[in-house]
Amino acid sequence: MAYVSIFRRTIGWVMAVTGLSLASFASLASELDPAAVQRGQAAAAICSSCHQQDGSGMNIPGGESWPRLAGLNSDYLIRQVHAFKEGTRQSASMMPFANILNDDQLRDVASYYASLNTPPKTPPAVDPTVLEHGKKLALEGDWSRYIVPCSSCHGPSNQGVGSAFPGLAGQHPGYIAQQLEAWQKGTRSNDPQNLMGAIAKRLNSDDIAAVSAWLATQPAQ
Ligand code: HEC
Ligand code: HEC
């Protein structure tokens, strides 16, 4: 399949430019420490008012959506909380919570959310032609505009690869769009080698709406 070879090639390239090793692809949900998951379940209570106790988050059209955390890689989640602490990611509602947990508690909570396989919530209905455009961007890209397929880094089904490339499938469309806009504006700047910043700047607002809507319809695991 053409996109699988593009995927392999791009992963090779990304690993070369970011210095990532195969070790970063080895962290699987099955390797999570069950005791940490259990402690994290209790500690996640303060996060659940937004992210929900089952990690499903919430799509908030026109507002700041709460990301789905269920099933995301635990090391990825830890890195993002540090990014809010350091200000390379900005969010008025999330930043006050980034400092509440110490490093041990954060590892527990991240392990808990990573261990969940809550089914995604049904996204809002979208015109089929919009979904078709989104699917094309996600799986084939648009080489005439140097837009690499999302799946070349985020995995063949966009379900994530290791701790470097988060799953996008089943994520809330409002949240995906919010992140692409944050990279365009420069309020999210924590990604290795500005990989996402470069891609986001090549997308127009129709592309963002379409690719976010399609990814949200996909199974998370
Ligand atoms: C008041 C609501 C609220 C609470 C409570 C909250 N968050 Fe968040 N969180 C958000 C929002 C909103 C975002 C997305 C911000 C953005 O657009 O970048 C976010 C983003 C995140 C992300 C990034 C997810 C990703 O896919 O990159 C992580 C990880 C996270 N929160 C963890 C936590 C943890 C752990 C707690 C509890 C200590 C917590 N949050 C409490 C609102 C909240
Ligand atoms: C060259 C590799 C690459 C490609 C291609 C790529 N991404 Fe990413 N993306 C990344 C990396 C790396 C991250 C994690 C950044 C970080 O560590 O904060 C990321 C993160 C994201 C996030 C944040 C997810 C979250 O949970 O916060 C979104 C949304 C996203 N990408 C959307 C897309 C879309 C849509 C496409 C296709 C149009 C795409 N990406 C293509 C490398 C890529």
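A: What follows is a close look at the surroundings of the ligands.

The model is predicted, so local features are used only at pLDDT of at least 70 and side-chain atom pairs only at pLDDT 80 or more, while totals for chains, interfaces and linings use all residues. Residues are numbered from 1 along each chain as its sequence is written, chains are lettered from A and ligands numbered from 1 in the order in which they are written, and side-chain values use heavy atoms, leaving out hydrogens and water.

Start with the iron atom of ligand 1. Its protein donors are His51, through NE2, and Met94, through SD, lying 2.0 to 2.1 Å from the iron. A donor is an N, O or S atom within 2.8 Å of the metal (3.2 Å for Na, K and Ca); water is not among the atoms, so sites may look incomplete. The site has six donor atoms, and with angles of 88 to 178 degrees among them it is octahedral (six donors, with opposite donors over 155 degrees apart and all others between 65 and 115). Helices here are DSSP runs of H or I with at least four residues, numbered from the N terminus. His51 has 10% relative accessibility and therefore counts as buried (under 20% relative accessible area, with a 1.4 Å probe and protein chains only).

Now widen the view around ligand 1. There are 26 residues around this ligand, and Cys47, Cys50, His51, Arg89 and Met94 come nearest; a residue is near if one of its heavy atoms lies within 4 Å of the molecule. There are also polar contacts, that is, pairs of N or O atoms within 3.5 Å. An N or O atom in the side chain of His51 is 2.8 Å from a nitrogen atom of ligand 1. The side chain of Tyr76 has an N or O atom 2.9 Å from an oxygen atom of the ligand, and a polar side-chain atom of Gln178 lies 2.8 Å from an oxygen atom of ligand 1. Two or more residues of the shell come from each of α3, α4 and α9. The largest share, five residues, comes from α4.

His154 (NE2) and Met196 (SD) coordinate its iron atom at 2.1 to 2.2 Å. The six donor atoms subtend angles of 83 to 179 degrees, which makes this arrangement octahedral. His154 sits in helix α8, residues 151-154, and Met196 in helix α10, residues 195-200; they are 42 residues apart and link distant parts of the chain. His154, at 9% relative accessibility, counts as buried, and Met196 counts as buried at 17%.

Around ligand 2 there are 28 residues, of which Cys150, Cys153, His154, Tyr175 and Met196 come nearest. A polar side-chain atom of Arg79 lies 2.9 Å from an oxygen atom of this ligand, and one of Gln80 lies 3.1 Å from an oxygen atom of ligand 2. For His154, a polar side-chain atom is 2.8 Å from a nitrogen atom of ligand 2. The elements giving two or more residues to the shell are α4, α8, α9 (173-185), α10 and α11 (205-216). Of these, α9 supplies the largest share, five residues.

Notes:
Four donors count as tetrahedral if all angles lie between 85 and 135 degrees; four count as square planar and six as octahedral if opposite donors are over 155 degrees apart and all others between 65 and 115; anything else is irregular. Buried means under 20% relative accessible area, exposed over 50%, partly exposed in between (1.4 Å probe, protein chains only). A polar contact is a pair of N or O atoms within 3.5 Å; within protein, one must be able to donate a hydrogen and the other to accept it, and residues adjacent in sequence count only if both atoms are side-chain atoms.
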